[in-house]
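Look at the model first.

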Amino acid sequence: MAETINSVRGMRDILPRETKIWQIVEREAFNVIEEFGFEEIRVPVVEELRLFQRSVGSFTDIVQKEMYVFKDKGDRLLALRPEATASVVRAYLQHQLHAKKRVTRLYYSGPMFRYDRPQKGRYRQFYQIGAEIFGGESPYFDAELIVILSRILNRLKVSHYSFEINSVGCDRCKIEYSNILQKFLILRANELCQDCQTRLRHNVLRVLDCKVVSCRDIIKDVPSIQQILCDGCKKHQQTIYNCLMNHNIQFIENSHLVRGLDYYTMTVFELKINGEETAVAGGGRYNNLVKDLGGPHTPAAGFAIGMDRLCDLVAPETKEGIEILVFFLGDKALQQGTILINNSRIEGIKLILDYNERSLKNHLKVADREEAKHVLILGDDELVENCFLYRNMKDGSQKHIKFDQFSNFLKGLKNV
RNA sequence: GUGGGUGUAGCUCAGCGGAUAGAGCGCCAGACUGUGGCUCUGGAUGCCGGGGGUUCAAAUCCCCUCACCCACCCCA
């Protein structure tokens, strides 16, 4: 036997048992998102490396150590997308969507790639469904995103979740707070971990969610960003909170929540399942990204759902469609029966043909093992009578169905 | 990138220096030739993840490697 080849590290197959759940999750998520007026956009998986350096940030972990980067035959420096917001903004600008509508709501879904060590709920190829709002300044847009996420979870019957929310401040607050933080931390720079020393120079805010004990010790003395926020930022945040409370959505303020992408301004949030560390979805506001990527000043906000993680939380649907297992006794029955069946198929009923030659007994054994509920038998005896033999595997009852009544019979089954 | 765990039959796992590598479940066949579930009988199946080493002898001990799982970093 030849050597078998397996999928590469961190990239997995999603098998039928799971794709059933994925289909449910996708359906519900798309439904909710569309109910809020979002339209689908499909963007490439490959982009210029520069796009992610400029949006996600050159000094983020994502860009520095987790990206799949390669050169194509034309010597272009490309990357597999580690996230999709950058691509959506790129497309938004490339096609001048900003000129067509004041507020543009877009959503996407598809695989993302990060060269990470795989572990629970984390893969090198993982899937996100995301939504972005362009041209919306109001805090109600931020809240809308969170309401959408909450509705999706509710439809999927996932409870025990809550949102963590913070503000990293508007342009001015973000800079002011960064300065305060920098001044404060620089005094004790030698006590910080290696990573935080570089963060100190390139992205101070990230020091806030460092998990190293010695760093945490220093961080706890740092003034909270909540004390620094300007009136505008405070009001923005408070409006979101009020809105969420009125929607009965659980959330807590986490003043250390920063997120690893540089483009966020003001609102950042994560969706967490109670008792779990990793977030199922995350997002926030990015008022400067469109401008930074060469467009007009356009306030925007969005979220991304980690599908691999969300699907782990959803129970499979219990009600299943009608499936009928069909088998034949003898070659003549097989020949004629196959045609008859294929010509009578109707929507909503699965007719699964078994072409194997077995004794009736063994056929029923197989049907039993595969937990078939309905079985259709066609053998010589039936053929001369122009009928199928239908057997209900649950109660063992059976009856003959004339060929010309077969379609009606199927319709009848559907309505039971 | 760092740390820990695990790789033996299709699946779950036992065996942890000694003979032909086992169990349960599953699979195939028969008892029972057109009526399933229960029972009984028989059967097939393994590069013991891969490579190297130690040894009279390796699934078992050592080294390397790959994969998976878990945690950290980071993120969805």
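Predicted model: local features only at pLDDT ≥ 70, side-chain atom pairs only at ≥ 80, totals over all residues.

## Terms and conventions

Residues are numbered from 1 along each chain as its sequence is written, chains are lettered from A and ligands numbered from 1 in the order in which they are written, and side-chain values use heavy atoms, with hydrogens and water left out.

## Domain layout

Chain A splits into domain 1 (16-167 + 248-313), domain 2 (171-229) and domain 3 (322-415). These bounds come from an automatic or database domain assignment. Taken over C-alpha atoms, the centres of domain 1 and domain 2 are 26 Å apart. Domain 1 puts 13 residues into the contact, and domain 2 puts in 13 residues. Contact here means heavy atoms within 4.5 Å.

## The interface of domain 1 and domain 2

About 1,200 Å² is buried between domain 1 and domain 2. Carbon and sulfur atoms give 48% of that area. Buried area is the accessible area (1.4 Å probe) that two parts lose on being put together, summed over both.

On the side of domain 1 that touches domain 2, three residues are nonpolar, seven polar and three charged. In this scheme Ala, Val, Leu, Ile, Met, Phe, Trp, Tyr, Cys and Pro are nonpolar; Asp, Glu, Lys and Arg are charged; the others, Gly among them, are polar. The rule for a salt bridge is a side-chain nitrogen of Lys or Arg within 4 Å of a carboxyl oxygen of Asp or Glu.

## Cysteines

The structure has zero disulfides. A disulfide is a pair of cysteine sulfur atoms within 2.5 Å. For Cys170, the nearest cysteine sulfur is that of Cys233, 3.5 Å away, and Cys170 is in no disulfide. Cys170 counts as buried, at 16% relative accessibility.

Cys243 is in no disulfide either; its nearest cysteine sulfur, that of Cys233, is 18 Å away. Cys243 has 10% relative accessibility, so it counts as buried.

## Salt bridges

How many salt bridges does the structure hold? The count is 19. One of them joins Glu18 and Arg12 through their side chains, at 3.6 Å from N to O. Glu18 is partly exposed at 26% relative accessibility. Arg12 is partly exposed at 24%.

Glu40 and Arg42 form another, at 2.9 Å from N to O. Glu40 is partly exposed, at 38% relative accessible area, whereas Arg42 is exposed, at 72%. Lys272 also pairs with Glu164 in a salt bridge, with the closest N and O atoms 3.7 Å apart.

Terms used
Buried < 20%, exposed > 50% of the residue type's maximum accessible area, 1.4 Å probe, protein only.
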